[in-house]
Amino acid sequence: MDLNTLLEKLNNFWNSTEATEEEEGRWWFDCYEEKTREIVDLLWDHLFIGSHWNPDTRHFLQENGYRCWIGDGDSFGILVACITKDGKNLSVG
């Protein structure tokens with residue numbers, strides 16, 4: 001899958017899915033919904049190389065309005081990655 005297709009799927013998800021879990025002023029998508037699991041699986045396939053960022057994908061998403069940040073990590077790499085846009089958050093990990 002090319003990055004434009006990934007962006008299209010991510011944008012469709014982001015714009016059609018409610019972020020329902022509020023925590024410390026941030027809204028999160030429910031990671032147990034089937035729709036969310038599908039996008040998380042796509043992100044796992046494209047946003048990471050091993051346990052580190054795929055710099056090309058991360059940069060592309062950030063150019064298109066998504067902020068990608070490490071929610072939790074250790075010396076081996078990323079344990080939980082977070083993607084943020086328009087006040088909505090998604091954790092991948």
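This is a predicted model: local features need pLDDT of at least 70, side-chain atom pairs count only at pLDDT 80 or more; totals for chains, interfaces and linings use all residues.
**Ground rules**

Residues are numbered from 1 along each chain as its sequence is written, and side-chain values use heavy atoms, with hydrogens and water left out.

**The whole chain**

Secondary structure here comes to 3 helices and 7 strands, where helices (H or I, at least four residues) and strands (E, at least two) are DSSP runs numbered from the N terminus. Going along the sequence, the pattern reads α-β-β-α-β-β-α-β-β-β.

What radius of gyration does the chain have, next to the value for a compact globule? It has 12 Å, which agrees with the value near 12 Å for a compact globule of 93 residues; the radius is taken over C-alpha atoms, and the globule rule is 2.2 Å times the number of residues to the power 0.38. The C-alpha atoms fill a box of roughly 30 × 30 × 25 Å along the principal axes.

Of the 93 residues, 41% count as buried. Buried means under 20% relative accessible area, exposed means over 50%, and partly exposed is in between (1.4 Å probe, protein chains only). The chain exposes about 5600 Å², with carbon and sulfur atoms supplying 46% of it; these areas come from the Shrake-Rupley method with a 1.4 Å probe, and for residues only the protein chains shown count as cover. As for contacts (heavy atoms within 4.5 Å), residues 24 or more positions apart account for 47% of those with a separation of 6 or more.

Strand β6 (residues 77-85) has 7 of its 9 residues buried, so it is largely enclosed by the rest of the structure. The table lists the pairings, where two strands pair if DSSP finds at least two bridges between them.

| Strands | Sense | Bridges |
|---|---|---|
| β5 (residues 67-74) and β6 | antiparallel | 7 bridges |
| β6 and β7 | antiparallel | 5 bridges |
| β2 (residues 26-28) and β7 | parallel | 2 bridges |

A hairpin takes β5 into β6 through 2 residues, and D74 has G77 of β6 as its bridge partner. In β7, V92 is the bridge partner of A81, while K88 partners K85. K88 is also the bridge partner of W27.

**Helix α3**

Which residues of helix α3 (residues 55-63) are buried? They are T57, F60 and L61. These cover an arc of only 95 degrees around the axis, which puts them on the same side of α3; the arc is that of the directions from the helix axis to the C-beta atoms. On the other side, P55 and E63 are exposed. The buried residues of α3 pack against α1 (3-16), α2 (34-47) and β5.

Now for the ends. N54 caps the N-terminal end of α3, with a side-chain oxygen 3.1 Å from the backbone nitrogen of D56; a polar contact is a pair of N or O atoms within 3.5 Å, where within protein one must be able to donate a hydrogen and the other to accept it, and residues adjacent in sequence count only if both atoms are side-chain atoms. After α3 comes G65, whose phi is positive, near 95 degrees.
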